[in-house]
Each structure stands twice: as structure tokens, then as C-alpha cells.
Amino acid sequence: MSVPHAKLPAWAEYGLIPLVNLAVAFLISGLVVLIVGESPLEAAYHMINGAFGRGEYIGFTLYYTTPFIFTGLAGAVAFHCGLFNIGGEGQAYVGGIGVALACLAFDRTLPWYLVFPIAIAGAAFFGALWALIPGWLQARRGSHIVITTIMFNFIAASLMNYLLNKVFKPLGSMSLETRTFDTGGQLPKLDWLMSIFGLSVGSAPFNISFLLALLAAFGVWVLIWRTKLGYEMRTMGHSPAAARYAGIKESRIIIITMMISGGLAGMMALNPIMGEQFRMQLDFVQGAGFVGIAVALMGRSHPAGIIPAALLFGMLYQGGAEISFEMPSISRDMIVIIQGLVILFAGALEHMFRPAITRIVLGLSPKARDVAATKGA
Amino acid sequence: MEFFQVFIELAQSTVRVSTPLILAALAGLFTERAGVFDIGLEGKMLGAAFAAGSVAYITQSVYMGLLAAVLVSVLLSLVHGYASITQRGSQIGSGVAINFVVAGSTVILGEAWFRQGGRTPALSADGRFGTIKLPFADALREVPFLGPFYSGLLSGHSPLTYLAFLMVPVSWWILYRTRFGLRLRAVGENPGAVDTAGISVIWLRYRAVICCGILCGVAGAYLSLAANAGFTKGMTAGKGYIALAALIFAKWRPKNILFACLLFGFLDAFAIRYQGYAFPLIGKVPVQLMQALPYILTVILLAGFIGKAIPPKAGGVPYVKER
């Protein structure tokens with residue numbers, strides 16, 4: 001396939017274009033705020049202040065960022081292999097089973113640093129399991145991954161509702177949740193990390209799973225760009241025909257990719273279950289699986305892009321809560337709109353501004369024009 | 001006799017629950033047969049339901065409500081069309097985005113305009129679709145067997161329900177017996193060939209997307225103007241996805257869509273009626289299993305264990321005229 005547009009220098013490709021797309025998404029969100037009859041500038045102030053104004057706010061922002069790193073990485077790993085995994089939501093939900101089982105079994109006997117690895121393994125296992133079936137169906141039976149993962153989100157919701165009702169709920173309890181874990185099932189907060197910067201974490205549930213998320217991001221970078229498996233995945237994503245010709249086993253790669261993707265999504269469950277609530281509740285995922293799609297799209301499926309994109313959404317969640325507190329007519333549903341607009345402009349309409357930006361950038365710098373002449377269309 | 005009565009009641013609620021599914025699945029049929037995947041059915045229905053609820057309340061006219069629903073839904077379809085046809089962007093991404101934007105903005109705008117926690121105010125009789133009583137429905141009610149069937153099941157539905165069932169043969173006729181339909185299906189299988197014949201692939205796909213918008217609009221209007229008296233937050237509750245499942249389950253064919261939607265509607269109606277009921281031999285069936293059954297059935301079908309669902313060949317692939 002020919003390159004539809006001239007090649008841009010890296011700063012424009014990975015910096016300018018995502019920024020312009022993001023700016024348009026925010027401008028339109030500002031319009032919605034105007035329609036509601038509030039000031040977009042005031043909303044922006046409350047958002048930034050609510051997300052970064054105090055140590056505690058930063059702690060909350062980073063707490064919300066953590067699951068988005070996991071689900072963003074989950075989306076990215078699948079994207080690299082040419083798979084669109086919309087099932088992150090369901091995989092994260094089912095991943096919760098692993099965390100809950102580990103905590104319920106060991107929270108009274110083992111310290112948290114021993115329960116944590118078991119919970120990580122459990123979350124990854126159950127998340128991977130929930131992605132394995134759609135992956136297998138895609139690889140062996142040719143059923144479309146997008147449709148099966150959507151279906152599996154709904155099946156997961158029903159399954160978890162049933163399990164919480166019939167299995168995890170303690171006797172005599174009315175609310176759909178497990179019992180509260182003892183100290184073994186509670187992750188320590190990262191107050192020491194915050195205090196290095198002279199900030200206090202306050203009541204924010206900013207916990208050690210954030211560090212695990214950063215580690216996972218590094219792991220994904222190594223996997224995709226520094227291993228044979230990652231190379232095979234990228235080959236599959238670029239050209240399934242080329243991959244087949246090179247002797248790469250298509251169905252094996254699809255299944256493995258989906259399991260890694262699902263495992264990453266499942267690990268998201270550690271943050272709310274072991275990090276904040278100390279129990280598994282109904283709907284604890286809260287849409288993080290879907291946000292992961294936006295994060296992966298914005299971050300261009302690269303861990304170095306995913307972490308800032310996840311931080312952006314973490315800021316939206318925490319700052320959005322602050323806006324709805326200060327400006328009651330703008331509820332937290334505003335975040336859902338912004339999220340949708342970001343997916344629209346950074347994902348589906350990714351190339352809308354590219355011709356214009358290419359013209360401007362190449363017009364401005366003669367050096368970039370030379371690069372385009374040698375590498376370009 | 002009691003069994004027969006129960007059957008009629010179940011069938012009646014099946015028809016009610018299936019109506020929006022049929023409309024939305026037919027909507028999906030038009031775009032997907034033209035090669036544009038659409039997972040934004042849910043969002044379009046929700047947006048249409050909100051528009052219908054708000055406009056019908058403000059104007060006190062059910063037809064203005066229906067018109068607003070169709071307009072909003074077509075507009076959203078055009079956004080999807082622009083992203084996936086003109087900009088050749090990710091069709092999945094665009095669909096997901098539309099679902100999100102609508103889910104958020106219906107609540108924000110509803111709260112700003114009506115201040116009822118994301119609902120639109122309850123509609124009076126003028127603002128809603130009433131039910132149509134077929135001729136002689138009352139007179140025939142006492143006739144054994146035929147009476148309940150005619151007066152209980154066939155009569156007494158909203159006009160949109162009759163429209164939905166009518167749209168099944170109409171859609172079949174449009175897709176299989178008109179030139180437009182032939183070209184629409186061709187563009188979903190082999191757009192290159194259609195282009196070679198001198199027909200605009202882009203314009204054809206846009207028309208398919210508009211057809212989808214109209215039908216989704218009616219489906220949304222049904223929810224807020226006929227099934228309920230006004231819009232409530234997130235009222236589609238996954239119906240767009242069930243419709244999508246039905247569309248696939250029906251292997252992208254109009255007649256099958258009718259049966260798939262009736263089946264999924266029946267499962268829903270059955271689950272509501274027999275919640276916590278202990279069946280002979282199997283005992284209590286968890287309500288969650290009944291809720292998940294449409295999705296499980298679709299997955300099994302997609303896996304090729306009951307027949308094979310083969311999507312339109314060019315589905316999801318943007319058309320590039322020249323390389």
C-alpha cells in the first residue's frame with residue numbers, strides 16, 4: 001500500500017498531531033459546557049486544580065491513572081498484532097476473581113507482600129482466560145474478535161453478578177460484594193514516594209500497584225520491540241500475509257497476544273480491589289476497560305505514549321469529580337463525553353488534520369521537506 | 001386454557017421487547033451489507049430516544065418527537081459515515097466514540113434542560129404513541145382460541161411496533177428487489193467492481209448509513225415515546241448490542257433478523273416472567289444465565305457450531321479508489 005501522505009518529522013508525527021487532535025476534542029467538550037450554560041475556562045481551572053492542586057489530589061489522579069495504564073497496555077498489545085480487543089472491560093472484571101480469591105484465601109495468614117504476587121498471578125490468569133476464548137475463536141474458528149469480545153463483556157457482567165450473588169457474598173449480607181479483607185489483602189500506600197517530593201498523600205488510595213503498572217509498561221516495551229515474539233506480533237499486525245509467508249504460526253500468535261492483552265487488563269483489578277476498597281464490589285471496573293481503548297489510541301500503542309495518555313485520563317477522572325463538586329450542572333458524565341471525543345478525534349478521525357499539518361510543517365522547515373523528498377510518498 | 005393464556009401473555013411481551021431490536025438490527029443490516037461496520041447502534045438509539053423524549057415534551061407532539069429522533073440519529077450516522085467512509089478511519093473506534101459521546105451528553109443536556117436527574121419529564125398522552133386497536137378486537141375477544149390470539153396478541157400495540165414488523169419485508173424488498181439494494185449489497189462484497197461500473201461507492205455507502213440512521217431513530221423513539229413515557233438515563237441498556245448480536249445471529253438476512261430478534265426478545269420476556277421459578281428437572285435457572293443467553297448463543301453461532309455466519313466480504317474495510 002502506498003503512503004497516503006508525506007512523511008512528517010517525528011516531533012510532528014508523535015507530538016503535534018496527537019496534540020491537535022486532543023485540542024479539538026477538548027474544544028468541542030468546551031462547547032458542551034457552554035451549551036449547559038457554564039464557563040469552559042472555569043471548568044478547565046477546576047479540572048486542573050482538582051487534579052494537581054494538592055498532594056492529595058495528585059494522589060487521587062495517580063490512583064485513577066493506574067488502571068488506565070494496565071488497560072491501555074492491554075489495548076496496545078492487541079493493536080500491535082492487528083487485533084481490536086474491546087473486551088478489556090470484561091477481562092478486567094473477571095480478573096477480579098483472581099485478586100479476590102487470593103485475598104480471601106490468604107489475607108489472614110500471609111503478609112501483603114506475599115499475597116500481592118499471588119493476586120497478580122490470579123488477576124493475570126483470569127483476565128487471560130477471559131481473553132483466551134475470543135482469541136481461540138478468532139484464530140481457529142474465524143469469528144470476529146470485535147464481536148466476540150463485545151459479547152464476552154456482557155457475559156462477564158452476568159457471570160460476575162451471579163458469582164457475587166451466589167459465591168462471594170458473605171452469608172446474611174445484602175450488598176453484592178465480598179467480605180472486607182484483613183491486612184494481608186491491603187496494599188500499602190505510596191506515601192513515601194509522595195513525600196520525596198514534599199507532598200502528602202492524605203486520604204488518596206494511591207498504592208503500590210502504580211509501580212506495578214510502570215513495570216508492566218516497561219515489560220510491554222521489551223516484549224514488543226526487543227523479543228522474537230513481539231517481532232512476530234508486529235509482523236502479523238502489519239501484514240498477516242507476510243507473517244504467514246515467513247512461517248509465523250498465525251493462530252498461535254493471535255491466542256498468545258490475546259492472553260497477554262487479557263492478562264494486562266485483568267491486572268487492573270488489583271488497584272481498586274486490593275488498593276482501595278479491600279473487597280470486590282459489583283461493577284468495580286467502572287469503564288476502565290473502555291478508557292483503555294482511548295488511552296492506547298492516544299498513546300499510539302507505545303508505552304511512552306500510554307503513560308502520559310493514562311495520566312491525562314486520570315486527570316480527567318479526578319478533575320472531573322472536582323468540577324462536578326464545584327459546578328453541579330456538570331456531572332461526571334462530562335468525562336464520558338470527553339472520552340468519546342478523544343476516541344473520535346485521536347482514533348477514528350486521526351488523519352483529518354494530517355494533510356493541513358503536513359502542508360504547514362513541510363512549508364515551514366526546508367530540512368523536513370528534504371526528509372520528505374527522500375523518504376516520502 | 002391457563003397455559004394458553006400464559007402463552008399469549010408471553011408472546012405479547014415478546015413482541016413489545018423485540019420491536020426496538022428489530023428496528024435496530026435492520027438498521028445495522030443496511031450499513032453492514034454496504035460494508036460499514038457499526039457498533040454505534042446503541043449510541044444512536046440512545047441519542048434518538050433522548051431527542052424524542054425532549055422534543056415530544058416541549059412541543060407536546062409525538063410526531064415532532066419522532067422527527068427529532070430520526071434527525072439526531074441520522075446526524076450521528078453521518079458522523080460515523082464521515083469518519084469511516086470519507087476519512088477512512090477505524091469504524092470500530094468511531095462506533096465506540098459515538099456510544100460514549102451520546103451516553104455522556106444525553107445525561108448532561110437532560111440535566112441542564114430539565115433538571116430531573118438525567119430524565120426528561122413524563123409525557124402526557126398527546127406526547128406518546130397510543131396503542132392501535134385492530135377492528136373488531138373487542139367483539140372477538142370472547143371467541144375461544146382465536147379471540148385471545150387476535151385481540152390479545154395481534155391487536156393493541158403501538159403503531160411503531162406494526163411499522164417495525166412491516167419493515168422486515170420492506171427491507172427485504174429494498175435489498176433484494178431494487179437496483180439500489182443490489183448495488184448496496186455489491187458495495188459490501190466487492191466495492192471495486194461497483195466502482196468499475198461507474199457507480200459512486202462513497203455516495204452509496206453514505207445512503208446506506210442514512211438508512212441506518214432513520215431506522216435507529218425510530219427504534220429510539222419507540223423506547224421513549226411508546227414503551228415508556230419519556231427518556232431515562234441509559235435507557236437502551238445494551239439493546240443496541242443485542243440488536244448487533246441478532247444481526248450476526250441472523251447471518252445478515254432480513255427474514256432471519258425477525259426470528260433472531262423474536263428469540264432474543266422471548267428470552268428476555270421469559271427471564272422476567274420466570275425469575276426465581278423452579279422448573280421441573282432443571283430446577284431454578286439463574287436470571288443472569290438468561291440475560292447472558294443471547295450473547296452466548298451469538299458466540300456459539302459465530303464459532304460456526306450452528307451454521308456459519310459469514311459477514312459481508314468488504315465489511316470494515318474503507319474503500320480507496322486509487323492506490
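Mentor: Before we start, one definition: two residues are in contact if their C-beta atoms, placed from the backbone, lie within 7 Å. Keep in mind, too, that this is a predicted model.

Trainee: Thanks! Which residues of H7(B) and H10(B) meet by that test?

Mentor: From H7(B) come Leu160(B), Leu163(B) and Met167(B), and they meet Leu215(B), Val218(B), Ala221(B), Tyr222(B) and Ala226(B) of H10(B). Sorted by class, this contact has eight nonpolar residues, no polar ones and no charged ones.

Trainee: What angle and axis distance describe the packing of these two helices?

Mentor: Helix H7 (residues 159-177) and helix H10 (residues 201-227), both of chain B, pack at about 155 degrees, with their axes 10 Å apart. Angles over 145 degrees count as roughly antiparallel, and that makes H7(B) roughly antiparallel to H10(B). Their crossing is left-handed.

Trainee: In chain A, why are H5(A) and H6(A) called roughly antiparallel?

Mentor: Helix H5 (residues 112-141) and helix H6 (residues 145-168) of chain A cross at roughly 150 degrees, and their axes come within 9 Å. The cut-off is again over 145 degrees, so H5(A) and H6(A) are roughly antiparallel to each other. The crossing here is right-handed.

Trainee: Which residues make that contact?

Mentor: Trp130(A), Ile133(A), Pro134(A), Leu137(A) and Gln138(A) of H5(A) meet Ile145(A), Thr148(A), Thr149(A), Phe152(A) and Ala156(A) of H6(A). By class, there are seven nonpolar, three polar and no charged residues.

Trainee: What makes Met233(A) count as buried?

Mentor: Met233(A) has 27 C-beta neighbours inside 10 Å. A residue is buried at 20 or more, so Met233(A) passes that test. Met233(A) sits in helix H9 (residues 228-238) of chain A. Neighbours within four places in sequence aside, Met233(A) is in contact with His80(A), Cys81(A), Ile224(A), Ile253(A) and Thr257(A).

Trainee: Why does the radius of gyration of chain A agree with that of a compact globule?

Mentor: With 377 residues, a compact globule would have a radius near 21 Å, and chain A has 22 Å, so the two agree. Its C-alpha atoms fill a box of roughly 70 × 55 × 40 Å along the principal axes. Chain A has 17 helices and zero strands, and 55% of its residues count as buried.

Trainee: Last one: how many residues of chain B are in contact with chain A, and which helix gives the most?

Mentor: There are 37 residues of chain B in contact with 41 residues of chain A. H4(B) gives the most to that side of chain B, with 14 residues. By class, the side of chain B that touches chain A has 22 nonpolar, 13 polar and two charged residues.

Terms used. Residues numbered from 1 in each chain as written. Chains lettered and ligands numbered in written order. Predicted model: local features only at pLDDT ≥ 70, side-chain atom pairs only at ≥ 80, totals over all residues. Axes fitted to C-alpha atoms, helices over the stretch in contact; angles between N-to-C directions. Helix = DSSP H or I, 4+ residues; strand = E, 2+ residues; numbered from the N terminus. Parallel < 35°, antiparallel > 145°, perpendicular 65-115°, else oblique. Left-handed = near helix turned anticlockwise from the far one by under 90°. Nonpolar A, V, L, I, M, F, W, Y, C, P; charged D, E, K, R; others polar. Rg over C-alpha atoms; globule rule 2.2 N^0.38 Å. Buried ≥ 20, exposed ≤ 12 C-beta atoms within 10 Å, placed from the backbone.
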